[in-house]
Amino acid sequence: MALTRQHPEAVIAAGCSDLVAQFREGLEPEVLISIQRIRELRAISNEDGLLRIGSLVSHAEGSRSPEILSSVPALAAAWGSIATVRIRYRGTLGGNLLARRYRYEMPVILSALGAQMQFQGGDIAALPVSSLWDPDPGNVGILTAVTIDTPSLLWFGYERSMRPLSTVSLTVRKNPQAGLTVTAVCGSEYRQPFVLSHTAEATAITELDPAFVGEVLAAQLPDEAGDYSGSIDYRRHLVGVLCRRLLAEATGNQRKGSQP
Amino acid sequence: MSLESPESSQETFTHKVEFELNGSPERHSVPTSTTVLDLLRNSCSKQGVRASCERSVCGACTVLVDDLPVAACSTFAFDIDGARVETVEGLAAQDGTLSAQQQAFRECGGFQCGFCTSGMLMVTTALLRQNPQPDREEIRDWISSNTCRCTGYEMILESVERAAELAGAKQQDQAPE
Ligand SMILES: Cc1cc2nc3c(=O)[nH]c(=O)nc-3n(C[C@H](O)[C@H](O)[C@H](O)COP(=O)(O)OP(=O)(O)OC[C@H]3O[C@@H](n4cnc5c(N)ncnc54)[C@H](O)[C@@H]3O)c2cc1C
Ligand code: FES
Ligand code: FES
């Protein structure tokens, strides 16, 4: 961490699967700091309802982790469905997030889960994953881990069957006072992910109406969500269908984090 | 890599990289931006490691690093310091006897032009080490990470299934009575 303070302009290298592409796109860093051998960044824990996933956890490790499989199994399933075998062994959670590429899926998956990014060695301690697309927060240093609160989580699911056109990750959480909050995040190849949310007075998932909630969520997609691969009308329609499909799963099976 | 470890020479950092290549020790000094593909092809004469997309997409450059398949084109050489690296050149025995994977690809016609074959063989090697009896779905998942422009995946899939059979039979032969 001392090195990142000494060299705030340094580029951090994890699995380098994206970084090599960035080199080919013209990146020429003066200083490269490889974090590959920091073992602590590979840890995964689940204590007091807080799932903590080290930033160096690879896609393969994350999708097989006993801690994740026992707390949010659908997160493990979603994580294991991305990329190809080589990238699953080499690519890391931190690299997928901090590459800040719209087409990468962990920002979509983790934003719906309300995940927080934990940093060290920069000016910022924590940021929600959903803020990845906000204006540059400056020197963030090293992403050490991602944390997810699990006690209020009732359901999580991820739909990537229409990728790259539209992906949707969706969670249902119990509110502290009353009611349920449904959060859907819509991803696509060319636009940043958009967070959509609906609060219902329901006391149980089974009381949610998938068609109604799906429509309410899709209507929130802003016009700029339309892109080269689909107009905004088409995207709203598609996101509505995918949300409805996920909610039908959710209402039919209330097990926390059950397989989508 | 740490900032202390490289040596600065005329503004280019170089790193000492020691690794095992197909069972033999290798020692090189490389600039930071050298990829494993550059190192293996240019300094270690391993031409079986193909260069094609150079973006981790096609799998032609697949090598094994500590048993896992990686894209040599998108892995920096400094990252394989201390690792065990395997290329297609290490598959056959010293006397030229083909490995089960190579034998199977030959029997089942798992190649035409052969450009993708070294990558396919290395992916197959990694898969069979993890699961000696993969089902079709798992084989499909693994070989779909590599691009073949001419054979058609069905014959490659059959080659991997046959490789599993041959490797299993070989192991049974070698098992103590
Ligand atoms: C062929 C191919 C297919 C792919 N398919 C998919 C797919 O289907 N879905 C998907 O979501 N992704 C996909 N990817 C992307 C892949 O998941 C990412 O390349 C990978 O996760 C990046 O991780 P890395 O460790 O290699 O990152 P690196 O290349 O090391 O780093 C990427 C960026 O993140 C920064 N960074 C990395 N770690 C940290 C950290 N801890 N702190 C601060 N900054 C950091 C680096 O500075 C760099 O800017 C694919 C990639 C390829 C090449
Ligand atoms: S050349 Fe490395 S994956 Fe294509
Ligand atoms: S055999 Fe020609 S590309 Fe596969």
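Trainee: At what angle do helix α2 (residues 100-108) of chain B and α5(B) pack, and how far apart are their axes?

Mentor: Please keep in mind that this is a predicted model. To read helix packing, one takes the angle and the separation together. Here α2(B) and α5(B) pack at an angle of about 135°, and their axes are 8 Å apart. Angles over 145 degrees would count as roughly antiparallel; α2(B) and α5(B) are therefore oblique to each other. Their crossing is right-handed.

Trainee: Which residues of α2(B) meet α5(B)?

Mentor: On the α2(B) side they are Ala100(B), Gln101(B), Gln103(B), Ala104(B), Phe105(B), Glu107(B) and Cys108(B). Their partners in α5(B) include Met155(B), Ile156(B), Val160(B), Ala163(B) and Leu166(B). By class, the contact of α2(B) with α5(B) has ten nonpolar, three polar and four charged residues. As a general idea, an α-helix has 3.6 residues a turn, so residues three or four places apart point the same way.

Trainee: How do the axes of helix α3 (residues 117-130) of chain B and helix α5 (residues 153-174) of chain B cross?

Mentor: The axes of α3(B) and α5(B) cross at roughly 40° and come within 11 Å. The crossing of α3(B) past α5(B) is right-handed. From α3(B), the contact uses Met120(B), Thr124(B), Leu127(B) and Leu128(B). From α5(B), it uses Tyr153(B), Ile156(B), Val160(B), Ala163(B) and Ala164(B).

Trainee: Turning to aromatic rings, how many aromatic pairs are found over all chains?

Mentor: Five aromatic pairs are found in a search of the whole structure. One reads such a pair from the distance between ring centres and the angle between ring planes. The rings of Phe23(A) and Phe76(B) have centres 5.2 Å apart and planes at 55°, so this pair is tilted. It crosses between chains: Phe23(A) belongs to helix α2 (residues 19-24) of chain A, and Phe76(B) to the loop between β5 (68-71) and β6 (84-86) of chain B. Ring pairs also bring Phe78(B) into a cluster with Phe23(A) and Phe76(B).

Trainee: Is Phe76(B) buried or exposed?

Mentor: Phe76(B) is buried, with a relative accessible area of 2%. Phe23(A), at 22%, is partly exposed, because buried requires a value under 20%.

Trainee: What kind of aromatic pair do Tyr190(A) and Tyr228(A) form?

Mentor: Tyr190(A) and Tyr228(A) form an edge-to-face pair, 4.9 Å centre to centre with 80° between the planes. The pair links distant parts of the chain, with its members 38 residues apart. Tyr190(A) is partly exposed at 36% relative accessibility, while Tyr228(A) is exposed at 68%.

Trainee: How many residues of helix α5 (residues 73-80) of chain A are buried?

Mentor: For a helix, one considers how many of its residues are buried. Six of the eight residues of α5(A) are buried, so this helix is largely enclosed by the rest of the structure. The buried residues are Pro73(A), Ala74(A), Leu75(A), Ala76(A), Ala78(A) and Trp79(A).

Trainee: Where is Leu180(A) found?

Mentor: Leu180(A) is found in strand β10 of chain A, and it is buried at 1% relative accessibility. Its C-alpha atom is separated by 7.8 Å from that of Ile205(A), 25 residues apart along the chain.

Notes:
Residues numbered from 1 in each chain as written. Chains lettered and ligands numbered in written order. Predicted model: local features only at pLDDT ≥ 70, side-chain atom pairs only at ≥ 80, totals over all residues. Heavy atoms only, no water. Axes fitted to C-alpha atoms, helices over the stretch in contact; angles between N-to-C directions. Helix = DSSP H or I, 4+ residues; strand = E, 2+ residues; numbered from the N terminus. Left-handed = near helix turned anticlockwise from the far one by under 90°. Contact = heavy atoms within 4.5 Å. Phe/Tyr/Trp six-rings, centres within 6.5 Å; stacked < 30°, edge-to-face > 60°. Buried < 20%, exposed > 50% of the residue type's maximum accessible area, 1.4 Å probe, protein only. Parallel < 35°, antiparallel > 145°, perpendicular 65-115°, else oblique. Nonpolar A, V, L, I, M, F, W, Y, C, P; charged D, E, K, R; others polar.
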